[in-house]
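Work through the exercises below with the sequence and the model at hand, trying each task before reading the solution that follows.

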Amino acid sequence: MPALLRRFLGVVFVLLGVMLLIFIMLRIIPGDPVSVLLNEHVNPATVEKMTESLGLNKPLPEQFFSYLLGALKGDLGKSYYMRKPVTALIMEAFPYTLLLTVLSAAFAWAFGIGTGIISAIYNNRLPDYIFRGLSLFGISVPVFIVALSLQYFIYFKLSLLPLTYNGSLQSMILPAIALGWNSAGSVARLTRSSLMGELEAPYIDTARAKGLTTRQAIVRHGLRNAMLPVITMMALQLSSMLSGAVITESIFSISGMGKLALTAVQTRDMPLLQGTVLFMAFVISMGNILADVINTILDPRLRV
Amino acid sequence: MSEDLLLELRDLSVSIVGKKETLPIVKGIDLHIPRGSIVGLVGESGCGKSMTAKSINNILPPFARVTGGSIIWRTEASGEVDLALLKEKEMRKKCGTEIAMVFQEPMTSLNPLMQVGEQIKEVLTIHGVERDNKKAKDRVIEMLSKVGIAEPALRYNAWPHELSGGMRQRVMIAMAMICQPKLLIADEPTTALDVTIEAQILSLIKELCRNNSMSALVITHNMGVVSTLCDYVYVMYLGSVVESAPVKELFNNPCHPYTRGLLSSIPHVGDNPEFLHTIPGNVPDMKKHFKGCDFCLRCSDDIKQCFFEKPALTETGAGHFVRCHRSLGA
Ligand SMILES: Nc1ncnc2c1ncn2[C@@H]1O[C@H](COP(=O)(O)OP(=O)(O)O)[C@@H](O)[C@H]1O
Ligand SMILES: [Mg+2]
């Protein structure tokens, strides 16, 4: 499929651009890594030695190309601060983020799609008002408030689930709900409006005229059409959850990608920050391609 | 006499039911469809033709409801049934098997995400007519070829967007015809098609009605369609029937000024294109309650009585009914 090939080629260029941008940005912001790593009152000779050993004295283009060559081989350099290969650090952190994302996506989508459908069917009646209120609440309350409230009620008041992540699956439930909360709200709203639009489509009349009940017409014909935009949205959410769980991971002390990126920023760890940003860009691009592929499978009009 | 009627709308009213007010859309119409005949329903956009049609097989949108009258359906198998009182489940059993429908927009009337053959086959599976998948598929392919689709086995797997407008309408007709219904409701079946395709589709509908002794209700705003297809016509204006007559009679002797307007709006070859005839004014707002004749504000022939009293539908000749003070010699 040449369209897919073109998309992958696009991803390569996007990643190159991201790499260049983050590389330049990290070098123009004030504060250099060496002074963070060393104590402020060391003598200049030590600073020079350190700078040289990190390769920071070489001309910028040279630094960039050696980084690029390394990245192609899967070598994203060595973390200044943690003194370990960046790739290894990412591979350690990613499974936690993946688990968190999968759980929160499962929660968000099951809840969002389910309530969205009910809302659309019971349009402007009680179930719709309830779920619409909930989803508005879902998209408008920030993650940290959801997370802290969950900790307060579920752990502190009810002692149902652990406060922070401790390696067990149960302790991942609260973080998953906190992270999925916003997505559930937006999925519910999009599902509702999309399905309501489809219910007015003439092919629903056709389905009923040939003997399907309204419910059958919705399930067999309306839902599939209504899901197309929702799937696009879900793929985007998936990649942003995978790459951006900084707040959730900090609150529940999960050592995932978000926490890794945060540490990198706090310690001016350039290779680690470059590495995590690049990896996130890669994940987001893959999410978009996945959405395209799924939509192409579902929608014959997109096939060439 | 009434035993020959397959469908009889008696004083049928349809309204948009809101929280605060009810807005009448179809205002008590009587319409008869004799067995084996093709009946036309004409009128300009928004006069309530589609709502009338959709009330028959109850596919009205959620905001609209039958608010009065009855829809009498007569068959040998089940005798006389009022479709307006039928439970949803019973109604769906009749849809697709006894009563079928073809719509105006053949593109949007087909589900874009389902192969056309599968959409036709669904009629057979949903009613349990043909449980064997292979046989059902063969039946669909046979039907596709009957409605004039070349290479039907190949077209079975086509997606709606791969077909032309005329082809899609043929698919819709195949879907309607697959269970050999007794009544075909065609709501502006050719409005979205160009003229040559229109002629083909009309002759296909006519032929299918003849060969299957099927009745049809053909909705259109095009008097040309009426003259080629129909035996009897109802002219509808603002939710009421204003004139009805056998086709020849209506064309030779139109009595209502609205019908005359519709007939003289058909352009003829040689007409001066700068003087195309139109009916002045627009369809008035249905919300405004008016005690006089609904047409009087657009009528060039109105008399004083028209402003104060609604005319009744009155028979002026054999099978010819008119709702107009003027034509009753007042
Ligand atoms: N979606 C809608 N919302 C509100 N009113 C509608 C809607 N659809 C139809 N109507 C009302 O019903 C009337 C009749 O519509 P319809 O039966 O579709 O007309 P026709 O088929 O003769 O063009 C319209 O004039 C309009 O006032
Ligand atoms: Mg219409």
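**Exercise 1. Find which polar side-chain atom lies 2.6 Å from an oxygen atom of ligand 1, and then describe the surroundings of the ligand.**

Step 1. In this predicted model, the side chain of Ser50(B) supplies the polar atom that lies 2.6 Å from an oxygen atom of ligand 1.

Step 2. Turning from side chain to backbone, a backbone N or O atom of Gly46(B) lies 2.7 Å from an oxygen atom of ligand 1, and a polar backbone atom of Lys49(B) is 2.8 Å from an oxygen atom of the ligand. With a cut-off of 3.5 Å for a pair of N or O atoms, the distances for Ser50(B), Gly46(B) and Lys49(B) can be read as polar contacts.

Step 3. On its own, ligand 1 has 560 Å² of accessible area, of which the protein covers 61%.

Step 4. The shell around ligand 1 includes Ile16(B), Ile25(B), Glu44(B), Cys47(B) and Phe63(B), besides Gly46(B), Lys49(B) and Ser50(B).

**Exercise 2. Determine the order of the strands in the open sheet of four strands, and say which helix lies across S1, S2 and S4 of chain B.**

Step 1. Begin with strand S1 (residues 5-17) and strand S2 (residues 22-34) of chain B, which pair in the antiparallel sense over ten bridges and form a hairpin with four residues between them. Ile16(B), which belongs to the shell around ligand 1, has Leu23(B) in S2(B) as its bridge partner.

Step 2. S1(B) also pairs with strand S4 (residues 64-75) of chain B, again in the antiparallel sense, over eight bridges; here Leu9(B) has Ile71(B) as its bridge partner in S4(B).

Step 3. S4(B) in turn pairs with S5(B) in the antiparallel sense over four bridges, and the bridge partner of Trp73(B) in S5(B) is Val81(B).

Step 4. Put together, these pairings give the order S2-S1-S4-S5 in chain B, an open sheet with antiparallel pairing. Its edge strands, each of which pairs on one side only, are S2 and strand S5 (79-82) of chain B, and the twist averages 5° from one strand to the next.

Step 5. The helix asked for is H1(B), which lies across S1, S2 and S4 of chain B and runs at about 115° to S1(B).

**Exercise 3. Identify the edge strands of the open sheet of eight strands, and follow the pairing of S6(B).**

Step 1. This sheet of chain B has the order S6-S7-S8-S3-S9-S10-S12-S11, and its pairing is mixed. Strand S6 (99-102) and strand S11 (314-317) of chain B are the edge strands, each pairing on one side only, while the twist averages 20° from one strand to the next.

Step 2. S6(B) pairs with strand S7 (residues 183-187) of chain B in the parallel sense, over four bridges. Within this pairing, Leu184(B) in S7(B) is the bridge partner of Ala100(B).

Step 3. Helix H6 (residues 165-177) of chain B lies across S6 and S7 of chain B, and its direction is at about 175° to that of S6(B).

Terms used: Residues numbered from 1 in each chain as written. Chains lettered and ligands numbered in written order. Predicted model: local features only at pLDDT ≥ 70, side-chain atom pairs only at ≥ 80, totals over all residues. Heavy atoms only, no water. Near = heavy atom within 4 Å. Polar contact = N/O pair within 3.5 Å; in protein donor to acceptor, adjacent residues only side chain to side chain. Areas by Shrake-Rupley, 256 points an atom, 1.4 Å probe, with all protein chains shown as cover. Pairing = 2+ DSSP bridges. Helix = DSSP H or I, 4+ residues; strand = E, 2+ residues; numbered from the N terminus. Axes fitted to C-alpha atoms, helices over the stretch in contact; angles between N-to-C directions. Contact = heavy atoms within 4.5 Å.
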